[in-house]
Amino acid sequence: MYIPPEPAARPAKPRRWPWILAAAIVVAALTATLTLVLLGNERDGKKVASKSTASPCRDQKLKPPCQGISGWILADGSYESTTRATPPVYVAPTTPSPPPLTPADFTLDLKTYSKKCFGSAGCNVVVEPALTYKGSAETMASHGMCSLTYDITGDESGTVTDTLSFVGTSVTAHRSVLSTPSSKTKVTVKIVSVSCT
């Protein structure tokens, strides 16, 4: 029986990675050297400005911009011989709020629109308040929206309380219907309070 001889073992492949690593290091060293040479040549052709870390202030304890005895030492080292004036602070003008309105600032009258009497049974009277301000229109307008409460007497069921509103000289009021016990009953009005928002 024939037994073929065993094949010879293959020789191991040489390791290539140490050569690749060495080549990479050489390329990096050459690149760094070339960069430094080029930068050196560029500096020879140009004057490189040196950065000064010294403070521009005359007194080294101060930081720029520095205030001197009779002026300012600026960050560039220049000196202003007169002291800078502090700019005035802007203060918004204040408008004094007007004094609150009171019932004494107004007069209120009742304007009669209709009156129908029924003998001894009394009368039906329709009235509307007419407001007059004793001050100026500008002062009245400066209070914004206001309401005025008033009482009407003369109705057979008792006092009628109502409210009108106004903004400046524009007044919003509505009519009241009263039933008086007699044709001789006097209908009167009185201001109770004034409030503004």
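**An open sheet and a nonpolar core**

Strands S4, S5 and S9 form an open sheet, in the order S4-S5-S9, with antiparallel pairing. S4 and S9 (176–180) stand at the edges. Each has a single partner strand, so one side of each lacks a neighbour in the sheet. From one strand to the next, the twist averages 35°. The model is a predicted one. Five bridges join S5 and S9 in the antiparallel sense. At Val126, the bridge partner in S9 is Val177.

The largest nonpolar core contains 19 residues. Phe106, Leu131, Leu148 and Phe166 have the most contacts inside this core. Two or more residues come from each of S4 (106–117), S5 (123–133), S6 (145–153), S7 (160–167) and S10 (188–196). S5 gives the most, with five residues.

Leu131 was examined for contacts beyond its neighbours within four places in sequence. Its partners include Phe106, Leu148 and Phe166. Leu131 is also in contact with Thr107, Leu108, Met140, Leu164 and Val171.

Gly144 lies in the loop between helix H2 (137–141) and S6. Its relative accessibility is 23%, so Gly144 counts as partly exposed; buried would mean under 20%. Leaving out residues up to four places away in sequence, Gly144 touches Phe166, Val167, Gly168 and Thr197. Gly144 and Thr197 are 53 residues apart along the chain. Their C-alpha atoms are separated by 6.4 Å. Phe166, another partner of Gly144, is among the core residues with the most contacts.

How values were computed. Residues are numbered from 1 along each chain as its sequence is written. This is a predicted model: local features need pLDDT of at least 70, side-chain atom pairs count only at pLDDT 80 or more; totals for chains, interfaces and linings use all residues. Side-chain values use heavy atoms; hydrogens and water are left out. A nonpolar core is a set of buried Ala, Val, Leu, Ile, Met, Phe, Trp, Tyr and Cys residues joined through side-chain atoms within 4.5 Å. Buried means under 20% relative accessible area, exposed over 50%, partly exposed in between (1.4 Å probe, protein chains only). Helices (H or I, at least four residues) and strands (E, at least two) are DSSP runs, numbered from the N terminus. Contact means heavy atoms within 4.5 Å. Two strands pair if DSSP finds at least two bridges between them. Axes are lines fitted to C-alpha atoms, for helices over the stretch in contact, and angles run from 0 to 180 degrees between N-to-C directions.
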